[in-house]
Amino acid sequence: MRTFLLLLLLSCLAVPAAEAKCAFPAIFNFGDSNSDTGGFWAAFPAQPGPFGMTYFKAPAGRASDGRLVIDFLASALGLPFLSPYLKSIGSNFRHGANFATLASTVLLPNTSLFVTGISPFSLGIQLNQMKDLRTQSIRAASTRNASSELCFSEALYTFDIGQNDFTSQLALLGIAGVRQFLLQVASQIAWSIKEIYETVGGRTFMVFNLAPIGCYPSFLSELPHNSSDLDVYGCMTSYNNAVADYNDLLNDTLQYVRSSMPAATIVFVDTHSVKLELFRNPRSHGLLHGIRACCGSGGGAYNFDGRVLCGNSKVIDGKTVTATACGDPENYVSWDGIHATEAANKRVAWSVLSGAYFYPRFPLSQLCDLQPIG
């Protein structure tokens, strides 16, 4: 089975470059739940409904009611949804692979999934998985007098990771404590890009920055703050400012790395600004609810209770509480208090594909005949 799937990767060379509609025959993605298309739930099966209710009509390994930004990006480039590297059944690596898993971090975790919920598949592990996939596919191709190296050198490499490094210890360490290791996070992402550049031959990279966590229902419900910290939109100013500082640090780090890799294109993608605008002004973008979760429990401004997460039930104070989904997720920014709805993800993707949030400017629409994302 594994050899068969690896050989499927070779078909990304089937269309001559001159006839291709996009300069990128494949996408290799590294990330956390914001871009996980099923890796975590392939490793630890049990994702409940109502996840996937909008598009897939069943749980599809995504932390949303439907598609993610990475799904829309692949569709726009004329590529199929990325198969998770960890999913052996039904995966198709013709046009890349997704190494992202829910709860992943950039830095190697010093704890267990079963203690803190942090995934064992940190960025370094994901990078090793990609290298192994490449090694095996090249080895398999050599036995057929073929080549798969171009699939990797001409691919688009995307990074959407770092949020769990920022948030996992916020309640314990506070903003000041977390700030102390954020340089390591940015540096590790930069090192990973350089590693792919030097050992794999990758040349085009997109790095997504972090979302404004101060607007998420889960963090509004659970992180310490007082009313004076809330802005006019109901978001926590101090936490959003800290994220903005990290994003600036990440951008500066990538700028420094570019000077050492002149043949590479390293694009900083500012999805933070798009998401912040959605949270602040949902009605301006065809949505109704910003800081309230669609799938949750407890009602109130946030509809989030960390004791019972979306799709689960728990006995609290002698009563069974179930976190159920709203009937109109298309009107919400937040799906489950932690992740975005398909509706929000689609709007983020539209903004990204417009090219207005690339730094430096990147001519994606000239490199690819962008398809409607629906």
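## Reading this model

Helices (H or I, at least four residues) and strands (E, at least two) are DSSP runs, numbered from the N terminus. The structure is a predicted model, in which local features need pLDDT of at least 70 and side-chain atom pairs count only at pLDDT 80 or more, while totals for chains, interfaces and linings use all residues. Residues are numbered from 1 along each chain as its sequence is written, and side-chain values use heavy atoms, with hydrogens and water left out.

pLDDT is the predictor's confidence in each residue, from 0 to 100. The protein has a mean pLDDT of 92, with 92% of its residues at 70 or more. Residues 1–7 stay under 50, and the model gives them twelve contacts (heavy atoms within 4.5 Å) beyond four places in sequence. Residues 13–19 are also below 50, with five contacts beyond near neighbours in sequence. Where pLDDT is low, the predicted coordinates should not be read in detail.

## A buried serine

Let's start with Ser 64, found in the loop between α2 and α3 (69–76). Ser 64 counts as buried because its relative accessibility is 0%; buried means under 20% relative accessible area, exposed over 50%, and partly exposed in between (1.4 Å probe, protein chains only). Leaving aside residues up to four places away in sequence, Ser 64 touches Phe 51, Gly 52, Trp 335, Ala 340, Thr 341, Glu 342 and Asn 345.

## Aromatic pairs

Rings of Phe, Tyr and Trp (its six-membered ring) pair if their centres lie within 6.5 Å; planes under 30 degrees apart count as stacked, over 60 as edge-to-face and the rest as tilted. The whole structure holds 17 aromatic pairs. Phe 30 and Phe 159 are stacked, at 5.0 Å centre to centre and 20° between the planes. Phe 30 sits in strand β1 (residues 27–31) and Phe 159 in strand β3 (residues 156–160), so this pair ties together parts that are 129 residues apart in sequence. Phe 30 is buried, at 0% relative accessibility, and Phe 159 is buried at 1%.

Tyr 85 and Phe 99 make a tilted pair, 5.3 Å centre to centre with 40° between the planes. Both Tyr 85 and Phe 99 are buried. Ring pairs link Phe 28, Phe 30, Tyr 85, Phe 99, Phe 152, Tyr 157, Phe 159 and Phe 205 into a cluster.

## The largest pocket

On a 1 Å grid over the protein atoms alone, a cavity is a set of points where a 1.4 Å probe fits but cannot get out, and a pocket is an open set with protein on both sides within 12 Å along at least five of seven lines; lining residues have an atom within 4 Å of a point. Grid points are joined across faces, edges and corners, and a volume is the space filled by probe spheres set on the points.

The largest pocket holds about 1300 Å³ of space. Its lining has 44 residues, with Ala 103, Thr 116, Gly 117, Ile 118 and Asn 164 nearest the centre. The largest share of this lining, four residues, comes from α7.

## Enclosed cavities

There are six cavities of 30 Å³ or more in the whole structure. The largest cavity holds about 90 Å³, and its lining includes Ser 33, Asp 160, Tyr 216, Lys 275, His 339, Ala 340 and Asn 345.

The second largest cavity holds about 60 Å³. Among the residues that line it are Tyr 216, Lys 275, His 339, Ala 340 and Asn 345. Helices α12 (271–280) and α13 (342–353) each supply at least two residues of this lining.
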